[in-house]
Amino acid sequence: MNRFDYVRPSTVAEAVQALGADPAARFIAGGTNLIDLMKYDVERPGRLIDITRLPLRAIEAKDGGLRIGALVTNASAAYDAQVKERYPLLSSAILAGASAQLRNAASTGGNLLQRTRCYYFYDTATPCNKREPGSGCGAIGGVNRIHAILGASEHCIATHPSDMAVALAALEAVVQVSGPNGERAIPISDFHRLPGDDPAKDTNLAPGEIIVAVDLPAKTFATHYTYLKLRDRLSYAFALVSVAAALELDGDTIRTARLALGGVAHKPWRNTQAEALLQGKPANRETFKAAADLVLQEAKPQSTNGFKIELARRAIVRGLEQAAAGTPQSQSDKRIQ
Amino acid sequence: MTVQFSPAAGRDRFVGQAISRVDGPAKVTGLAKYAGEFAAPDLAYGVVVSSAIAKGRIKRIDAAAAEAVPGIVKVITHENRPATSQKPEDYQDAVAPPGAPFQALASDRIVYSGQPIALVVGEDFETARYAASLVRVEYETAAPLTDVTAQSGASYDPPMKRAGIKPPPEPWGDAAHAFDTSEIRVNAQYRMADEHHNPMEPHASTVVVEKDGTYTVYDKIQGVSNTHDYIAGAFGLKPEQVRVLNPYLGGGFGSGLRPQYQLFLAMLAAKDLGRSVRVTLTRDQMWSFTYRSEAIQTVALGADPSGKLTALKHDAVQGTSTYEDYQEVIVNWSGVLYDCDNVALTYSLTKLDTPTPGDMRAPGAVTGVFAIETAMDELAHATGQDPVQLRLKNYTEGDQTEDKPFGSKELKEAFRQGAERFGWDKRQPEPRSMRDGRELVGWGMATGIWESMMMQSSARAVLGADGRLEVGNQTGDIGTGTYTILTQIAADTLGLPLDHVTTKLGDTKLAQAPVAGGSWTAASSGTAVMKACRDIAEQAFKLARGMDNSPLANVDFERAVFTGGRIEVAGDPSKGVALTDILKATGTERLEATAEAAPDKDFEEAYNAYTHSAIFAEVKIDEELGVLRCTRVVSAIAAGRILNPKTARSQILGGIVMGIGSALHEESMLDHRIGRFMNHNLGEYHVPVHADIHDIDVIFVDEEDKANPLGVKGLGEIGIVGVAAAISNAVFHATGKRIRHLPITIDKIVAEG
């Protein structure tokens, strides 16, 4: 861990100013990921800007939906009465991740900005284009059973580890940011990016920008939803594959469908064609399989993660079944519904 | 017959009782200090720089930037390393395998990934850690060989055998022919994964330079004598110049048996600088010294249609390092467990560019018993036998590998009680025949076995005039409850209240005792403590008889009862005298005794001694998604006398949880291209979490053993052995799919075929 300066602004404007154009400065909120990365010498910030005093801790009604402040902890968001009642998919996804202690510390904005869990990214003895552009990708041809099957590039096969972001993708949340040029809104689908030839860049945040809130639209999917997470132990592990499924039904017919996958790509993976395919179709296994096939049509295995393609296919089908039946996956009872 | 502790009295007050840990309050309040927590004036902090490559040499190491950081005392590399002993044998510790032990910073040669290549010593930990990140290294890289499968063809019979590790016995009968002509045959390969111990406490050493030039060393070690002798040898010190302490261990599981490189480096720096130094390794560096190396195993069983074994072959090829021939007992268990006329057991090593593997809880047995007990389940299925019945059909009352009867073996009773508690009789034998809603249900079982050992140990006891007793020796309490059971034994032997007894461990100033390992500590240290206390009892009794108007004047020692801090006449409690009064009246300041306990040669010649277990496991599996829940485990243990059902149960519970981890989670993944374990942290190296653990039921069956006067056989390892086989057998029963490669992860459950 390197030596760094430390500042603690009290307003968003001050924070943005403090960050300025300094590429070596980092915001720190819960620190649940950044401090690990600093200990591993993956991140070597010259300056830490502690944003925990910024007034970004509110959960409030907004345009028929809900605005969640960037500093709302994962635990506060998951257990918030409005989130639980109106957006149980989000609550469930948050509770599927990490541990109680981490959720108490981790923030909404920080959750979106957490880095991949690729082994090579964390290990400075190995090459990694995300950590050190141009050094190569150690994971390709290496230990990659947890890596991407969709949207990867020859430069990077890392996945985004967030559970929360997968639910936000399905809910079509909007990320509110503030920066040197004022405020702007970024749809969640455009927030994270695919690695392409610039895997060092996880998101489309512009230099100097800070997340101030995440807006949830009015459509809540509070009845037919699930967050189904498959992993290498029953809790406290990152997803091999996860599925956020949300439906609106007319009887047995699907009126609206949302489907996002975690653990399979550099960003929460949403396929709107598959959602379109589901619309107007009967909510049955056959329909769900067709959607799953479409989502995974372009999936590509790495040397040891081929199992994830079939696993994702099955998880999509089960997730949609759970959502359609109104029997969402419990995050405390580990029996799969 | 096992002895009672109170001489002549036959009333144990504490032994056999579920006494809470005597060291518990110190541990939960933070008073218990660990090796990396002891303070010293002017303490410097060392941080280890680890090799990025697995094989080759250091072309250039540039520590200038690190040394330039204010607060950095020194950077030690192979280029400026102070001299230590030139004799490789000086680095041999008490449990070292044959070979030339690794010496940190000895040369520019790199022999495994993560090898220490520099120690950065600073005024504080943070500065040292920062400076360590500034050390620049250029390597000349060679291609590492770390794939045990690829190297299995180059396996060899280790020319030097490791002390205390029995090589496979000579084959008997004609296993090859018998197998070829058997009506029923099972023949398969079994795999595990490389595993790392990962105790909670990181490996750490604090070397304190005393004013008189001697060294006080706090080291994470399972027995201080091993550290002491290693330091004295490697650094050319007289024994009295070094004192080693380790009163508490935050888990070892075998990773603390050998002195590790952080000790060597802390001592190197302390001696060089004339200043106290602490070196604490990181969690990642847990992957840089010892591990349970995978073995590729083949088991071939031949049987008649009734399931009676006619042939048994068990072969293992295990990885070791390039510089030591680490060995463990993997295949012998098959010959000990079952009655068979044609048996061939073979074991060989192959060299890998990794650190030397080391003993990890039930070393060898975890590996070998997984294979034989899965193979036995395959035989049960092939012959249509109930798995318990098959094991009873091939039950043996003697150890065929050495033609000796067992000193005791209540495995049949363990099968009976375990099966009853589990409800085994309700098992439907057909795979895939049991369901709970959407989940397939599987019930599997296996046998566990571990050798019951005793090591020469001594103990010292001192009874003060205040009636308080102190006992102890050098061995470590590695979290097993040694403090507690020794306190119980001492209290009962002298009839003292528990809170009048203090047990001290883990200090080379105390009586000699070996490292704590192999499940031998209760038998070894327990017997020594009992003998020392009995010696004091006899001394006190003699003094009491000599007192004026002694109520014990005409009483034999055999009729003396030690209870409540008094010596009383059996059957007449009114006749007695308090121990404090005896010392006072006779002007005795204290009574002292040192006793030695050693294995009973006559017993060892006549018998072999093992602990056994019968493990029953239930899994529930969502087959489509490959999600497995291990919902129940019952383990019935036959391990002689149980000194403390509470700490004993904790040992078995911990073993079972670790066994579940071995079966379902633990896997250190090597990138063979660079010879490096890649998931070197607890986020990605998975051990069970609470959600993975459900009902665990532990039964201790009565077993009378006579290997030692206490009748104990040891409990540290037996809990884990066989658990993985019971679970994998349950997975087969649930799904009809035989997974012979641990850990049983989602990908293996959903895989085709």
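1. In chain B, strands E12(B) and E13(B) form a hairpin with 5 residues between them, and B:Gly307 in the turn has a positive phi of about 100°. The model is predicted: local features need pLDDT of at least 70, side-chain atom pairs count only at pLDDT 80 or more, and totals for chains, interfaces and linings use all residues. Residues are numbered from 1 along each chain as its sequence is written, while chains are lettered from A and ligands numbered from 1 in the order in which they are written.

2. Strand E12 (residues 295-303) of chain B runs antiparallel to E13(B), and 9 bridges join them. B:Gln297 has B:Ala316 of E13(B) as its bridge partner. Strands are DSSP runs of E with at least two residues, helices are runs of H or I with at least four, and both are numbered from the N terminus. Two strands are taken to pair if DSSP finds at least two bridges between them.

3. E13(B) is also joined to strand E14 (residues 343-351) of chain B, here by 9 bridges and in parallel. B:Thr320 stands opposite B:Lys351 in E14(B). Between E13(B) and E14(B) the chain passes through helix H8 (residues 332-337) of chain B, giving a right-handed β-α-β crossover.

4. Is strand E13 (residues 309-320) of chain B mostly covered or mostly open? It is mostly covered, with 12 of its 12 residues buried. A residue is buried if 20 or more other C-beta atoms lie within 10 Å of its own, exposed if 12 or fewer do, and partly exposed in between, with C-beta atoms placed from the backbone.

5. Helix H5 (residues 88-95) of chain A is largely enclosed by the rest of the structure, because 8 of its 8 residues are buried. Among these buried residues are A:Pro88, A:Leu90 and A:Ile94. The buried residues of H5(A) pack against several elements of chain A, including helix H9 (164-171) and strand E10 (241-250).

6. A:Leu320 lies in helix H13 (residues 307-325) of chain A. A:Leu320 counts as buried because it has 29 C-beta neighbours inside 10 Å. Leaving aside neighbours within four places in sequence, A:Leu320 is in contact with A:Ala245, A:Phe288 and A:Ala291; contact requires C-beta atoms, placed from the backbone, to lie within 7 Å.

7. Where chains A and B meet, the contact takes 31 residues from chain B and 29 residues from chain A. On the side of chain B, helix H3 (125-132), strand E27 (627-638) and helix H18 (746-750) each give two or more residues. H18(B) makes the largest contribution, 3 residues. This side of chain B divides into 13 nonpolar, 7 polar and 11 charged residues. Here Ala, Val, Leu, Ile, Met, Phe, Trp, Tyr, Cys and Pro count as nonpolar, Asp, Glu, Lys and Arg as charged, and the others, Gly among them, as polar.

8. Chain B is assigned domain 1 (35-143 + 197-288), domain 2 (361-454 + 601-753) and domain 3 (460-598); such bounds come from an automatic or database domain assignment. The centres of domain 1 and domain 2 of chain B, taken over C-alpha atoms, are 37 Å apart. In the contact between them, 9 residues of domain 1 of chain B meet 12 residues of domain 2 of chain B.

Methods:
Contact = placed C-beta atoms within 7 Å. Right-handed = clockwise from strand over helix to strand, strands pointing away.
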